[in-house]
Amino acid sequence: MVSDFLFTMKRTHTCGELVKKDVKKKVVLQGWVHKRRDHGGIIFIDLRDRYGLTQIVFDPKHEKKTHELADTLRREDVIEVEGKVRPRPKTMINKKLHTGEIEVIINRLDILNKAATPPIEVDDYKVANDDLRLRYRYLDLRRPMMQKFFIARHKATMAARNYLASQNFLEIETPFFVKSTPEGARDYIVPSRVNPGQFYSLPQSPQLYKQLLMVAGFDRYFQVVRCMRDEDLRIDRQPEFTQIDIEMTFAEQDDVLAAIEGTVKAIFKEAIGKNIKIPFKRMPYKESMDKYGTDKPDLRFGLELTEITEEAKESDYGIFKGAIKNKGIVKCIRVPVELSRKQIDDLTKFAQKFGAKGLSWMRITKKGPESSIVKYFGKKVLDKILKKAKAKPGTSLLFIADKPSIANDVLARIRLKFGEDLKLYNPKDHNFAWIVDYPLFEWNDEEKKWDPMHHIFSMPKKECLKYMDTDPGKVLASLYDLVLNGVELGSGSIRNHDPTLQEKSFKIIGLKKAEAEQKFGFLLEAFKYGAPPHAGFAIGYDRLVALMLGFLDIRDVIAFPKNKAAQCPMDGCPGPVEDQHLKDLNIKLDMPKKKK
RNA sequence: GCCUGAGUGGUUCAAUGGUAGAAUCUCUGACUGUCUAUCGGAGGGUUGCGGGUUCGAAUCCCGUCUUGGGCGCCA
């Protein structure tokens, strides 16, 4: 850490940089009183700034008046001190601190600002509850741990920018006031005063704009960009969040994946010094669904699922046969323990919570499979199932017979539960994977129509074009997701730059020509004038940084996040506005009456 | 909208239906080598709020508010 940048300032060093070689230097430090250890005579204070802690010493024998003033110091006072660096006695070296070999003996103390007693402690040992942390965020952010997170985030952002710039990507800003497209997530909207009755939307992503930048010939674009979605919050979902958004012209899928892999590698290297192996594993969507029941599998552990629909047909078990008759499947997971009755009861409740009708099970003991359903299976079929699922003594099988979506979802959740409960993985691992070859369309059973699985502007794979008219469910696209430890980190695709093909896609999802024209006309028009093939990706950046640092809560890497109700306990937003303000916008409130 | 957990000194937590405690913090005393200093003393509580049951409620019941996690939602 070099302090050249301080040359115009009164302080000569930060609180994180003085080491043995600085001994005898006369220094001026500024910072916050972190901890105070008063020995009656000598007083030690840990002086804190974002760079670290430095122990400063007030000795009555050294400078009596300064020592008396130091006696009045309390935590979080802001002070300036002048003194001399000296080595600590050998037995008093603090190995936990970078500055632990030295201390500064102080002869001058200026109290720059006394602090009122803080309502929460600025201390990583005792963290206040979420509400207070957000209410006094500026104090919470002073904690060394939080500062570390934001320093890491900054380094990560710089690494991404540098890497992408080195690969010829240009950072170009796209608008925040955009046209509303009422599909997918709910938009935040902003009234336009100069266009009465009209609204802007805040973007959920710069998707269409970055594609237009490709039409404009910028070749490679990126942006570290805020996106907004008016949906309910989760531990890894905030109403505004950051994406690293990229788009590339004349690029194949491998080019985009390589660009993202390079970015992620640079981020981990620069921010936490970790070398990540690239390229990441690639797994087709279908394989992921078959093996893990989800398109965002946590690959830090095994516990793969086994489908036994065919075998189940040969049984006399009514529940399995009934489900199969109903277009369902039978799938199971083998867990490496003999489950107790109580565990099975709990798992059944767990499964029902997520829509399963029930949970069938077999416990494999040394004597063979034990379960009330064993009797419905002939020995041959039973052996086939046990072999297929690799069920050995000391394991158990859990079966779900249901619609594929439910069987997969529930088993995927059970798999995660066992992975966590049995500690089948190292929580510090970072296991990246690409899920590729997604279907372009997904059947919406409730509305009896095709929905885009991800992104309607994606290019169908060449070999699938023949199914566009006959069987849209079979159409795979060059659509890819990045997954880290079971968390979706982003998605992208090769875009559809062919207007005719795009119209076909719209038609399949039931978007009428006029409607498409109204919503995306500007994009379709642009595509007429020489749109190059292009592809892109967007990384959920808050999630990436949080997972990189070893946790899931993205609020710890967002300086001023919202609470679960999308409010900020610090400034109190959202709040009402003045009547005149609403009048200027021609807006009248029509609030529902509160229930009594 | 639904499910589930929490709400007790400033803060973090404890307390079988029977005197609300501890640590930290604040103030204060002692102490010249600590490093989340240590050792004493003091201060600090309408147990979120409103009802109810009970001789007696932090504890049980009902309602309500705040907050965490999840489901729905997030193409």
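Cysteine 332 in β13 is the bridge partner of threonine 306. Keep that pair in mind for Exercise 1.

The model you're looking at is predicted, so local features need pLDDT of at least 70 and side-chain atom pairs count only at pLDDT 80 or more, while totals for chains, interfaces and linings use all residues. Residues are numbered from 1 along each chain as its sequence is written, chains are lettered from A and ligands numbered from 1 in the order in which they are written, and side-chain values use heavy atoms, leaving out hydrogens and water.

**Exercise 1.** Work out in which order the 5 strands of the open sheet lie.

*Solution.* 
- Step 1: Helices (H or I, at least four residues) and strands (E, at least two) are DSSP runs, numbered from the N terminus. Two strands pair if DSSP finds at least two bridges between them.
- Step 2: start with one pair. β12 and β13 (residues 329-335) are antiparallel and share 3 bridges.
- Step 3: read off the whole sheet. The order is β12-β13-β16-β14-β15, with antiparallel pairing.
- Step 4: look at the edges. β12 (305-307) and β15 each pair on one side only.

**Exercise 2.** Find which residues of helix α11 are buried, and explain why they sit on the same side.

*Solution.* 
- Step 1: set the cut-offs. Buried means under 20% relative accessible area, exposed over 50%, and partly exposed in between (1.4 Å probe, protein chains only).
- Step 2: list the buried ones. In α11 (residues 379-388) they are Val381, Leu382, Ile385 and Leu386.
- Step 3: explain it. These residues cover an arc of only 130° around the axis, so they end up on the same side of α11. The arc is that of the directions from the helix axis to the C-beta atoms.
- Step 4: check the other face. Turned away from the buried side, you'll find the exposed Lys379, Lys380 and Lys387.
- Step 5: find the neighbours. The buried residues pack against α8 (309-313), β14 (360-365), β15 (368-370) and β16 (395-402), where contact means heavy atoms within 4.5 Å.

**Exercise 3.** Find how many residues surround RNA strand B, and which are closest.

*Solution.* 
- Step 1: count. There are 49, and the closest are Arg37, Lys61, Arg88, Met92 and Glu103; a residue is near if one of its heavy atoms lies within 4 Å of the strand.
- Step 2: zoom in on polar contacts, here pairs of N or O atoms within 3.5 Å. An N or O atom in the side chain of arginine 88 is 2.5 Å from a base nitrogen of RNA strand B.
- Step 3: One of its polar side-chain atoms lies 3.2 Å from a sugar or linking oxygen of RNA strand B.

Terms used. A polar contact is a pair of N or O atoms within 3.5 Å; within protein, one must be able to donate a hydrogen and the other to accept it, and residues adjacent in sequence count only if both atoms are side-chain atoms.
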